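Subject: Structure for your review

Dear colleague,

Please find below the structure that I am handing over to you. My notes on it follow directly after.

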Amino acid sequence: MEKMKTALSFGADAVYAGIPDFSLRARINDFDINRIKEATEYCHKFNKKIYITINIFAHNKHIDKLSEYIKDLKKIKVDALIVSDPGILILVKEVWPDAKIHLSTQANCTNASAVKFWLAQGVKRIILGREVTLEEIKEIHKAVPKIELEYFVHGAMCMAYSGRCFLSKGFVDRSANLGDCVQPCRWRYKIKAENYKEEFEIVEEEHGSYILNSKDLCLLEHLQDLAKAGISSFKIEGRAKSVYYQAIVAGIYSSASKKNISFYKKELETKLVHRGYAKGFLLGEKAEQNIESSHNKCSWEFCGQVYSIKNEKLKIKDYDNKNLVLIKVHNSLKVGDRVEMVRPKYDIIKMKVDKIWDAEMKEELQEAHGGQNKKVFLEVEEKVPEYSVIRRKI
């Protein structure tokens with residue numbers, strides 16, 4: 001919920017979510033039907049949309065439980081359902097005939113004929129496979145102009161075709177196609193994978209290699225090209241990412257224009273952890289791998305997020321009337337730190353931390369550390385909205 005609110009605050013027009021049973025986010029996922037209801041009400045309050053993922057490769061045991069779930073989603077009035085399985089699509093049409101259906105990228109739709117087929121089945125939006133090139137997008141849009149097209153523009157890339165990976169299932173019996181991937185593509189391999197006992201025939205240098213580790217997708221420079229080609233929705237992948245990631249990526253993609261692309265691209269490269277950036281298959285090139293490491297190191301650290309801006313009497317000696325914000329600490333904050341406070345729309349304030357107060361004890365601190373839901377007050381000179389994030393160069 002916190003990540004959702006952060007993404008929306010920083011410019012996202014819609015979010016996608018799902019419960020562990022039927023989505024590809026089985027772990028690090030605290031959504032249930034009650035939280036989906038809460039999330040939907042929150043989105044609609046701010047004229048945003050929420051799309052619910054039912055995009056697993058379903059077995060009979062899943063189908064048996066789905067009808068009641070779809071009925072609940074109908075009552076909640078979510079904006080669309082994201083599906084990949086034809087059986088689930090049929091069930092949705094039976095239980096909720098008026099539901100807006102989006103086709104998941106897991107269905108690997110990569111050509112105009114397939115788009116026409118899915119349109120005939122009642123699908124309103126196609127989330128195209130990441131393997132589709134810019135020229136193919138233009139051809140698909142020209143052939144089927146009535147359907148909405150969505151395309152991933154940023155985030156982790158899967159080494160398998162349209163995310164259909166079976167390594168996790170084969171190695172540790174945790175299926176990526178049921179939302180429980182352990183990401184063996186990010187492991188370091190020698191003669192055998194460090195996390196597994198089976199031997200592999202791999203010829204690499206002596207220290208091993210990340211031979212399956214795809215670079216991250218970054219299409220910031222091609223948003224206008226994609227829009228002209230027929231893409232109506234840009235999608236950002238954020239599997240298990242932090243609120244800091246949601247803020248920075250959503251903020252940059254919702255703010256970027258032709259004139260300042262180079263600035264925003266540098267921000268993505270230097271102030272986020274990533275695996276190196278590439279353009280995927282968009283321009284007809286091969287996907288690039290980062291064989292040197294699982295991810296690139298970042299010289300900036302996420303310090304905290306603005307938790308509240310309520311004007312309350314704090315009874316802090318000599319500071320009753322100061323402009324204070326309540327911060328939820330991540331990692332650490334220290335007196336004397338020079339930090340950047342990133343507000344929605346990627347509006348940055350540079351400041352020095354002069355004083356820190358414990359939010360519970362109202363006492364002055366020299367430093368504060370994350371964990372245990374630690375909250376502190378900081379003084380700021382300008383207005384800082386809720387969900388703004390703080391970072392420090394390390």
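Which residue in E8 does Phe152 stand opposite? Phe152 stands opposite Lys235 in E8.

Please note that this is a predicted model, in which local features need pLDDT of at least 70 and side-chain atom pairs count only at pLDDT 80 or more, while totals for chains, interfaces and linings use all residues. Residues are numbered from 1 along each chain as its sequence is written, and side-chain values use heavy atoms, with hydrogens and water left out.

Overall composition

The protein has 10 helices and 19 strands; helices (H or I, at least four residues) and strands (E, at least two) are DSSP runs numbered from the N terminus. Of its 394 residues, 50% count as buried, where buried means under 20% relative accessible area, exposed over 50%, and partly exposed in between (1.4 Å probe, protein chains only).

Strand E6 and its partners

In strand E6 (residues 148–155), 7 of the 8 residues are buried, so the strand is largely enclosed by the rest of the structure. Two strands are said to pair if DSSP finds at least two bridges between them. E6 runs parallel to strand E5 (residues 123–127), with 3 bridges, and parallel to strand E8 (residues 233–236), with 4 bridges. Ile126 stands opposite Leu149 in E6, and Gly155 stands opposite Leu217 in E7.

The open sheet

An open sheet of 8 strands has the order E14-E13-E19-E10-E11-E18-E15-E16, with antiparallel pairing. Strands E14 (347–352) and E16 (364–365) stand at the edges with a single partner strand each, so one side of each is left without a neighbour in the sheet. Strand E13 (residues 338–343) pairs with E14 in the antiparallel sense over 6 bridges, and Glu340 stands opposite Lys350 in E14. Helix H9 packs on this sheet and touches E10, E13 and strand E19 (389–393), its direction making about 95° with that of E19. Contact here means heavy atoms within 4.5 Å; axes are lines fitted to C-alpha atoms, for helices over the stretch in contact, and angles run from 0 to 180 degrees between N-to-C directions.

Aromatic rings

Rings of Phe, Tyr and Trp (its six-membered ring) pair if their centres lie within 6.5 Å; planes under 30 degrees apart count as stacked, over 60 as edge-to-face and the rest as tilted. By this rule the count comes to 5 aromatic pairs. Phe117 and Trp118 have ring centres 5.1 Å apart and planes at 75°, so their pair is edge-to-face. Tyr244 and Phe302 are stacked, at 5.2 Å centre to centre and 20° between the planes. Tyr244 lies in helix H9 (residues 243–255) and Phe302 in strand E10 (residues 300–308), so this pair ties together parts that are 58 residues apart in sequence. Both Tyr244 and Phe302 are buried.

Glu267

Glu267 belongs to helix H10 (residues 261–270) and is buried, with a relative accessible area of 6%. Its side chain makes a polar contact of 3.0 Å with that of Arg391. A polar contact is a pair of N or O atoms within 3.5 Å; within protein, one must be able to donate a hydrogen and the other to accept it, and residues adjacent in sequence count only if both atoms are side-chain atoms.

Yours sincerely
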